[in-house]
Amino acid sequence: MLVKLEDINKTFAQAAEPAVKDVSFEVQEGEILTLLGPSGCGKTTLLRLIAGLERPDSGQIILQGKKVAGENCWIPPEKRGVGMVFQDYALFPHLNVRDNISFGLKNKNETNNENKVREMIELVGLENQVDKNPADLSGGQQQRVALARALITDPLLVLLDEPFSNLDMNLREKMRREVVHILRKSETPAVFVTHDQEEALSISDKILVMNRGQIVQQGSPREVYESPLACFVASFVGQSNLLDGTISSDGENIITELGTFEYPHQHGREPGEEVIISIRPDGFELVEDGPIKGVIKEIAYKGGVVDLIIELTNKNINKELLVHVHPKYRVAEGDEVSLKLLPHFITMIGECKPVM
Amino acid sequence: MEASFLNLSAKIEAVKEGQISWPFVAPPFILIPVIFIALAMSLPLFYLLIRVIGAEDVWSLILQQRTLQVLLNTLGLAGAVTATTIIIAVPLAWLTVRTDLPGRKLWSILTMVPLVVPTLVGGFAFVAAFGYGGIVHNFFVNTLKISYQPEIYGFFGAWAVLSLLTYPYVLLSVRGALQGMDPAQEEVARTLGKTLWQVFWQVTLPKLRPAIASGGLLVTLYTLSDFAAVSLLQFDSFTRVIFLQYRSAFDRTYSAVLALILVVVTIIIVSIEMLTRGKARYYSVNRGVKGRMKRVKLGKGKVPALIFCLLVVALALFIPVGVSAYWLIRGLLQGEPAMLRWEAAFNSFYASSIAAGVGIFVTLPVAILSVKYKSKLSSLLEKATYAGYALPGIVVALSLVFFASNYALPLYQTLPLLIFAYVILFLPQAMGTLRSSLLQISPNVEDAGLTMGFSRFKILWSVTIPLIKSGILTGAALIFLTTMKELPATMLLGPTGFRSLTTEIWNATTEAFYTRAAGPALLLVLVSLFSLGILFYQEDREI
């Protein structure tokens with residue numbers, strides 16, 4: 001285990017609510033983990049706690065088997081060997097690219113250093129920019145300098161705080177792949193912080209979804225997306241249709257106003273218990289004479305997918321469904337359509353009320 | 001003894017290892033020096049308190065009608081001077097930084113140059129031009145045979161001289177803020193349909209508020225503690241009354257009482273400023289790269305803008321220099337020996353250089369503490385270091401004379417004690433520029449250094465100080481300049497026979513030997529000019 005956080009709490013002075021509350025998680029060797037949540041949910045604070053830029057009020061942090069923060073224990077950031085890439089990159093404006101990158105090298109062995117800096121510059125592809133000042137670089141180039149600067153000391157892990165949020169869309173996609181590639185190539189585990197769910201889903205081995213200082217769910221991108229365990233996750237990571245339901249008497253079906261659906265998973269609920277289910281918009285298919293009928297109220301064409309908002313007609317509920325369909329279907333507003341639900345796109349959410 | 005020492009070093013080790021948590025926000029290498037500095041800076045204040053508390057009939061002394069009159073005089077003068085300097089400096093800063101004013105570069109320099117005219121020289125020039133036996137008086141009496149009483153003395157004279165000579169402090173800080181400002185926000189306002197004038201009022205001016213406030217604070221404090229101008233122009237504000245009281249009366253307690261009231265007034269002003277400053281953040285959260293700023297085209301506004309600049313420069317610079325030159329030439333023509341004392345010039349230069357070096361060294365930790373490690377303790381310590389500036393030079397000098405003659409006799413009338421007084425008096429000069437440049441550094445830049453394995457102390461040397469280098473040089477230049485102009489502490493604390501340019505001018509002016517004051521006055525202006533040159537060279541290099 002590379003990093004282990006146990007019951008971390010942190011409340012800032014003059015703040016009513018804790019920034020981080022009872023957070024525990026682990027980062028494995030070689031893993032890319034993402035902290036995903038809305039702004040102000042405490043994800044950056046968590047990152048700064050790992051780096052040692054903040055001190056937890058309680059709980060402990062263990063880096064490679066060594067306790068770095070806890071009761072009567074505190075290792076300052078400079079002795080933790082953790083690299084960090086900041087949202088604003090925080091490049092040293094008084095140093096050129098080469099000096100920024102080599103800043104962290106302490107070993108005074110000159111030739112060794114030179115090789116290392118050259119390797120790192122090659123890794124991030126900045127061979128032609130070494131003598132420039134950070135101010136003369138593009139956003140993507142500044143980003144790469146920041147990454148190289150963080151990687152050159154061979155850190156245990158790299159922390160990246162919203163690293164792509166200052167880049168424009170085209171560049172963001174490209175840099176995302178590039179950064180992940182560089183991290184994989186240098187075999188450095190990383191913790192990303194982001195509020196962009198698409199970004200989290202595409203780069204991570206593991207996602208931790210955070211809300212109001214707490215971890216709401218953790219798992220692989222597929223688990224988090226396909227099986228959200230809380231309403232917050234269902235609506236923050238991707239979009240979701242939330243419905244009330246009841247467990248059937250045999251315990252293997254869920255009865256909802258949309259119909260009765262098979263749910264052949266372990267759930268530990270009693271028959272008759274009321275639950276909430278989440279159905280992803282991708283969980284529907286347009287079919288002839290399906291069990292769910294409705295009228296298209298709105299259409300949003302998005303290229304690879306078409307978003308439909310459908311008003312139900314054959315059910316006794318006043319509810320609209322969000323449905324993703326393949327663009328091959330030529331549909332228009334006001335069309336009557338019928339749908340069926342695909343198996344395995346339904347998730348039971350136990351404990352929360354639908355967010356309205 | 002040895003055991004307790006071992007204990008202490010064990011404790012230090014424990015703090016380093018994190019077993020004992022350091023209870024303060026600031027690291028020890030910042031906090032501990034600042035505590036010592038704050039104590040040293042507040043030494044004169046303690047003496048003052050002891051003097052006043054130890055005296056009999058304190059309340060009857062305080063409640064004299066004279067006290068109220070002096071208080072009103074002083075506050076009126078400070079308010080009028082501060083308002084006037086802001087009215088002069090903000091348009092000047094905007095014109096010289098943001099517009100296509102013809103000769104912008106030259107005006108940038110000329111409008112700043114009054115900084116090298118000490119109020120002592122200004123006061124001398126004003127008196128030597130318009131006062132008894134001055135140029136105008138002589139002309140009327142001798143040539144036109146009309147005799148009259150010059151009415152320049154009192155409020156008007158003190159206000160005019162102080163406003164014209166202190167506005168560069170506001171100009172300096174507003175210029176700095178304008179140059180550091182990201183033009184994107186103003187451009188955004190333009191795209192939202194605001195006119196140039198509305199942008200200035202609604203975007204630029206609010207962003208300048210901290211700079212105006214810090215420059216204005218300097219002017220207010222300067223006015224409160226100025227001695228030379230109010231004394232030469234005979235306006236009864238605190239410093240003059242304190243000095244007269246000290247010189248003439250047997251009992252020095254009333255002068256101590258007045259000084260203490262002045263200190264209280266200053267502390268109130270500084271506190272208000274600190275309260276309103278709030279949580280201003282100057283750094284740009286986005287990319288650290290600033291866009292190029294476009295200059296505003298003045299068009300038909302060029303003529304009034306030029307007249308305004310010319311008027312200010314004429315009053316603040318050409319009159320003092322011209323009058324000094326007049327008296328110098330006149331003296332030379334009449335065969336008076338040129339009273340240029342190289343010894344005095346050397347002494348002034350030497351003492352001021354040391355004061356600038358020591359002052360910066362002492363200010364830096366205080367500025368870092370107040371910007372990077374905000375807490376109740378840090379704001380208290382910052383206030384303590386400001387307190388010295390509140391004390392008029394004469395009071396600092398007196399209290400140090402007392403302190404040295406009672407507790408540190410070998411230091412009495414030595415250069416180190418004089419330097420100490422200068423540092424107490426002029427530390428806040430460097431504080432403003434250091435604070436501003438520290439605020440420009442995104443906290444992430446220092447944190448980045450930490451995560452790369454450097455201690456806070458090393459980050460200070462390899463990141464923070466290089467980034468605020470220009471602020472350090474500007475601050476040192478400001479301390480140097482102000483020290484060159486210092487009079488009362490130099491008079492009282494200088495080693496026996498120590499002659500500086502200022503004591504030369506004071507002695508000559510009070511004896512109405514205008515010709516004799518003219519030489520040192522011009523020399524003082526000239527020497528100070530070099531410092532300003534450094535300051536501008538620095539600004540140029542930053543681009």
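1. Chain A of this predicted model contains eight helices and 21 strands. The chain has 356 residues, and 39% of them count as buried.

2. Contacts within chain A can be sorted by separation in sequence. Taking those between residues at least 6 apart, 65% join residues at least 24 apart.

3. On the interface: 26 residues of chain A are in contact with 22 residues of chain B. Two elements of chain A each give two or more residues to the side that touches chain B, namely strand S6 (73-74) and strand S7 (82-85). S7(A) supplies the largest share of that side, at three residues.

4. As to composition, the side of chain A that touches chain B is made up of 16 nonpolar, seven polar and three charged residues.

5. In chain B, helix H16 (residues 342-372) packs with helix H19 (residues 415-440); the angle is about 45° and the axes are 6 Å apart. The crossing of H16(B) past H19(B) is right-handed.

6. The residues in the contact of H16(B) with H19(B) divide by class into 23 nonpolar, three polar and two charged.

7. Two places to look at in the model, then, are the side of chain A that touches chain B, where S7(A) gives three residues, and the packing of H16 and H19 in chain B, with axes 6 Å apart.

Notes. Residues are numbered from 1 along each chain as its sequence is written. Chains are lettered from A and ligands numbered from 1 in the order in which they are written. This is a predicted model: local features need pLDDT of at least 70, side-chain atom pairs count only at pLDDT 80 or more; totals for chains, interfaces and linings use all residues. Two residues are in contact if their C-beta atoms, placed from the backbone, lie within 7 Å. Helices (H or I, at least four residues) and strands (E, at least two) are DSSP runs, numbered from the N terminus. Ala, Val, Leu, Ile, Met, Phe, Trp, Tyr, Cys and Pro count as nonpolar, Asp, Glu, Lys and Arg as charged, and the others, Gly among them, as polar. Axes are lines fitted to C-alpha atoms, for helices over the stretch in contact, and angles run from 0 to 180 degrees between N-to-C directions. A crossing is left-handed if the near helix is turned anticlockwise from the far one by less than a right angle, and right-handed if clockwise. A residue is buried if 20 or more other C-beta atoms lie within 10 Å of its own, exposed if 12 or fewer, and partly exposed in between; C-beta atoms are placed from the backbone.
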